[in-house]
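Here are some notes for your read-through of the model. Please keep the coordinates open alongside.

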Amino acid sequence: MTRILIRQGRLIDPESGLDEVGDLAVADGRIVQLGGIVDDFTPDQTIDATGQWVMPGLIDLSARLREPGLTRKADIASESRAAAAAGITTLVMPPDTTPVMDSPAVVEQVTHRAEQAAGARVVPLGALTLGLAGEQLSAMAGLAAAGCPAVSDGGRPVQDSRVLRNALDYACTFSLPALLTPVDPFLATGCLNEGPTATRLGLPGVPAAAETAGLGRQLAVAGATRARVHVGRLSSAEGARLLTDEQGRQRRLSADVAIHQLFLTDQDAMEYDTRFHLDPPLRDIVDRQALRQAVADRVVRIICSDHQPHDGDAKDGPFASTEPGASGIDTLLPLVLRLVEDEVLPLHRALATVTVEPARLLGLEGGRLGLGGVADLVVVDPVAPWFCTRETLGSRGHNSPFLGWEFSARATHTLVGGRLIRAADRA
């Protein structure tokens with residue numbers, strides 16, 4: 001394996017607080033020297049990181065790669081390579097594929113395809129129930145043995161509370177975190193946040209109660225178990241309040257938010273632009289501010305892209321008839337750094353939400369800079385302006401709500417397990 005020396009970059013580790021200019025040496029897929037000037041190491045390749053940041057590669061807790069099942073939209077190869085180019089070294093993949101990831105055979109298929117792609121790592125989540133139908137428990141022991149570090153409802157909440165409790169108890173038996181989607185599907189039948197914007201546009205609304213009703217039931221059931229429960233893609237101020245209250249009683253309870261919820265609101269959809277048709281929907285400015293505060297207060301410790309690439313047909317048509325979801329892997333890193341510019345979070349805390357925090361949740365080795373640690377790394381130029389356009393997106397999904405935005409940072413080099421996956425021309 002190639003020996004790589006990264007010279008004189010700003011070394012940033014969100015876990016230890018490391019922040020200094022120095023060298024970093026990689027051999028056999030591991031960090032073997034860190035900090036200072038490395039002069040007793042013979043590299044096969046040297047990266048000049050002067051003026052750049054060297055930090056752990058990002059871990060994206062929710063990225064749908066559309067394979068197996070929907071490869072007309074994207075596939076594991078295209079999205080894992082795009083992720084690596086964007087500074088993401090690990091993609092966590094929900095189980096709502098076709099077929100569902102409820103058996104070791106499907107998990108192994110995904111893992112094999114990811115290894116062939118030679119891009120970002122792909123970490124599959126096992127299905128909480130068979131077929132995600134919410135009726136019978138999945139074979140969690142087999143899923144864990146096949147490489148699933150957690151189980152998930154894949155965006156399809158278990159409606160039978162007895163089944164949910166049994167599933168959480170069973171997951172706890174194998175020390176598997178359970179990732180749940182906080183929604184009552186019987187209330188979530190619209191396409192935009194219920195409020196003045198939806199009324200003005202004549203679109204069916206989704207009330208915040210769709211989130212709080214689903215979340216309240218899940219929290220009550222989780223409280224009757226010892227399971228490690230994680231709430232995915234919080235979207236409302238009331239949801240954040242419920243979570244805050246319950247965390248005082250359930251210490252192992254955690255949550256994440258999609259990055260677009262921290263920047264956009266339902267008013268961005270005023271022109272019926274289907275790029276803003278998302279699930280959960282964009283809510284109002286009060287919700288956005290509450291979510292930012294929840295992240296600042298560490299009520300929500302993880303930020304994800306909630307990457308959902310679509311082909312053109314899926315987003316072409318009347319707003320309510322199009323498919324929800326946004327392509328997000330290309331913009332995760334610059335948007336997280338925009339939170340620092342907006343003084344929502346300090347730098348180390350912002351980076352922790354997409355590195356060490358998801359790594360802790362799933363028990364992953366990455367997300368850190370440390371001697372002997374896995375060399376999942378990204379070198380970032382913090383002053384490399386670029387415009388988000390269809391041409392600059394690496395994902396096959398061009399349905400980004402941030403098209404036209406200018407960003408000020410970009411990954412220049414990405415290493416996954418010590419292998420150099422991306423090397424951009426600094427010129």
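Helices (H or I, at least four residues) and strands (E, at least two) are DSSP runs, numbered from the N terminus. This is a predicted model: local features need pLDDT of at least 70, side-chain atom pairs count only at pLDDT 80 or more, and totals for chains, interfaces and linings use all residues. Residues are numbered from 1 along each chain as its sequence is written, and side-chain values use heavy atoms, with hydrogens and water left out.

1. Two cis peptide bonds deserve a look. One joins Asp279 and Pro280, with omega about 0°. Pro280 sits in the loop between β15 and α8 (285-296). Another joins Thr98 and Pro99, with omega about 5°. Pro99 belongs to the loop between β7 and α2.

2. Check helix α1 (residues 76-85). Eight of its 10 residues are buried, so the rest of the structure largely encloses it. Buried means under 20% relative accessible area, exposed over 50%, partly exposed in between (1.4 Å probe, protein chains only). Among the buried residues are Ile76, Glu79 and Ala84. Gly87 follows α1, and its phi is positive, near 90°.

3. Two aspartates have positive phi. For Asp28, phi is near 55°; Asp28 lies in the loop between β2 (19-27) and β3 (30-34). Asp28 is exposed, at 63% relative accessible area. For Asp306, phi is near 50°; the loop between β16 and α9 (332-341) holds Asp306. Asp306 is buried, at 3% relative accessible area.

4. Finally, the sheet. Six strands form an open sheet in the order β9-β10-β11-β14-β15-β16, with parallel pairing. Two strands pair if DSSP finds at least two bridges between them. The edge strands, β9 (126-127) and β16 (302-304), each pair on one side only. Ala258 stands opposite Cys304 in β16.
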